[in-house]
Amino acid sequence: MAERITGHTELIGLIAYPIRHSSSPAMHNEAFAKLGLDYAYLAFEVGNEELENTIKGFRAMDVRGCNVSMPNKTVVHKYLDKISPAAELCGAVNTVVNDNGVLTGHITDGIGCMYGLKDAGVDVIGKKITIVGAGGAATAIQVQAALDGVAEISIFNKKDKFFENAEKTVKKLKEKTNCVVNLYDLDDLDRLKEEVASSMLLINATGMGMKPLEGMTFIPDKSYLRPDLVVLDIVYSPRETALLKLANEAGCRTLNGLGMMLFQGAAAFELWTGKKMPIEHMKEVLDIKY
Ligand code: NAD
C-alpha cells in the first residue's frame, strides 16, 4: 500500500489565481520526499473573494501554513494575527505559518531574489541596479536589495495603480536605508535607456513575459542592452521570456525566475519545517544551471 500520505501528513497550501502553472507544489513535495518529512503541498485556485473563507478553513483544519501569490499577497494580512517586520515594510505576504492557531505572515520573495543572485555569482552589493515593477514581488526585491546594501536602485513602472505603491516604497527606503532610490515612469524610454546603461543588473519584476502578457517586454530593442549587463526576469514560466530572448541576443548574462523561486521557497520551507531545503538536489531537479 502507498505510504507517502498517511493520517498524520500535514498540509501546506498555495493560494492564488491563476496558479495551475506553478512549480511550487512539485518543488516542495520533492524536498519533503527527499528529507522524509511528512508534509504535502497542494495548490488551490483562490482569488480575493474566497480568500477570507480559505484562511478561516485553514485555521479550522489547523493547516501548518501556506504560500500566497497574486492577487492575494497584498490582501491576506487582513486575515492573519501577526506580520513579520519585512512583510510590514513590503505591504505584502507570500508565506503564512500557523503556530498553534496563531497565523503569522512573512515575505520571502526579496530574500529569495538576493540569494538567487548570490548563488549565481552575481554580486550587487554596493552597485547600481534597475528594477521594473512596483507590485508585491518588485517591492520585496527593492526592500531586500536596499537592506542588503545595494548602492542605488532605479525603479520603473507604468502609471497604473501600482505606481503609488512605488512612491511609498521609495519614501520608506529613503527614510530607513542609505540606498539611493529613484522612481520613473516606464513610458519614459530615454530615461530607461540611461538608467539601464549605468546599472550592472536589470530586473523584470512585472507580469510582462508570462500569461496573459506572454511575449511582451518593456525593452523596445537590443540598443538598450549591452554584453556586461546581467538581466534577471523573475518570471519562470516560460523559462525564456521575450526580455530574456532579447538579452540573450544582445550577449547579456541572463537569469530566469527559477533561482528566486527556489530560494524564496527554501526560506518558506524552513519556516514551516525548521529544516533546510536540500538546495543542490533541488537545483538538479529544477534544471537550474548557471
Ligand atoms: P503584482 O500584481 O503585485 O504586480 C504586477 C506588476 O506588473 C506591477 O508592477 C504592474 O504595474 C505590472 N504590470 C501589470 N501589467 C502590466 C503591463 N501590461 N505592462 C507593464 N507592467 C505591467 O504581481 P507580483 O506578485 O509582484 O508578481 C509579478 C510577477 O513576478 C509575476 O509574473 C509573478 O509570476 C512573478 N513572481 C515570481 C516569483 C519568483 O519566485 N520567481 C515570485 C513572485 C512573483
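Biologist: What is the relative accessible area of Asp287?
Modeller: The relative accessible area of Asp287 is 41%, which means that the residue is partly exposed. Buried stands for under 20% relative accessible area and exposed for over 50%, with partly exposed in between, using a 1.4 Å probe and protein chains only. This is a predicted model, in which local features need pLDDT of at least 70 and side-chain atom pairs count only at pLDDT 80 or more, while totals for chains, interfaces and linings use all residues. Residues are numbered from 1 along each chain as its sequence is written, and side-chain values use heavy atoms, with hydrogens and water left out.

Biologist: Where is Asp287, and what is its phi?
Modeller: Asp287 belongs to the segment after H10. Its phi is positive, about 60°, although the residue is not a glycine. Most residues other than glycine have a negative phi. Helices (H or I, at least four residues) and strands (E, at least two) are DSSP runs, numbered from the N terminus.

Biologist: Which loop holds Asp62, and what is its phi?
Modeller: Asp62 sits in the loop between helix H2 (51–61) and strand S3 (65–68). Its phi is positive too, about 55°, and Asp62 is not a glycine.

Biologist: Let us turn to peptide bonds. Is the bond from Lys211 to Pro212 cis or trans?
Modeller: That bond, from Lys211 to Pro212, is cis, with omega near 5°. Pro212 lies in the loop between S10 and S11. The peptide bond from Ser237 to Pro238 is also cis, with omega near 10°, and Pro238 is in the loop between S11 and helix H8 (242–249). Most peptide bonds are trans.

Biologist: How many helices and strands are there in the protein?
Modeller: The protein has ten helices and twelve strands. Its C-alpha trace spans about 60 × 35 × 35 Å along the principal axes.

Biologist: What is the radius of gyration of the protein?
Modeller: The radius of gyration is 19 Å, which agrees with the value near 19 Å for a compact globule of 290 residues. This radius is taken over C-alpha atoms, and the globule rule is 2.2 Å times the number of residues to the power 0.38. Of the 290 residues, 53% count as buried. Among contacts with a separation of 6 or more, 70% come from residues 24 or more positions apart; a contact means heavy atoms within 4.5 Å.

Biologist: Which residues in helix H4 are buried?
Modeller: In H4 (residues 109–119), the buried residues are Asp109, Gly110, Gly112, Cys113, Met114, Gly116 and Leu117. They pack against helix H5 (136–148), strands S10 (201–204), S11 (230–233) and S12 (253–255), and H9. Just after H4, Gly121 takes a positive phi of about 80°.

Biologist: At what angle do H4 and H9 pack?
Modeller: The angle between H4 and H9 is about 120°, and their axes are 7 Å apart. That makes H4 oblique to H9. Axes are lines fitted to C-alpha atoms, for helices over the stretch in contact, and angles run from 0 to 180 degrees between N-to-C directions. Angles under 35 degrees count as roughly parallel, over 145 as roughly antiparallel, 65 to 115 as roughly perpendicular, and the rest as oblique.

Biologist: Which residues make that contact of H4 and H9?
Modeller: H4 contributes Asp109, Gly112, Cys113, Tyr115, Gly116 and Asp119, and H9 contributes Gly259, Met260, Phe263 and Gln264. These residues divide into four nonpolar, four polar and two charged. Here Ala, Val, Leu, Ile, Met, Phe, Trp, Tyr, Cys and Pro count as nonpolar, Asp, Glu, Lys and Arg as charged, and the others, Gly among them, as polar.

Biologist: And how far apart are the axes of H1 and H9?
Modeller: The axes of H1 (residues 24–35) and H9 (residues 258–273) are 11 Å apart, at an angle of about 50°. That makes H1 oblique to H9. On the H1 side, the contact includes Ser24, Met27 and Phe32, which meet H9 residues including Met261, Gln264 and Trp272. The residues of this contact divide into eight nonpolar, five polar and no charged.

Biologist: Is Ser24 buried or exposed?
Modeller: Ser24 counts as buried, at 6% relative accessibility. Not counting residues up to four places away in sequence, Ser24 touches Leu14, Tyr41, Met261 and Gln264.

Biologist: Which residues in H9 meet H10?
Modeller: Leu258, Met261, Leu262, Phe263 and Ala266 in H9 meet Ile279, Met282, Lys283 and Leu286 in H10. That contact divides into eight nonpolar, no polar and one charged.
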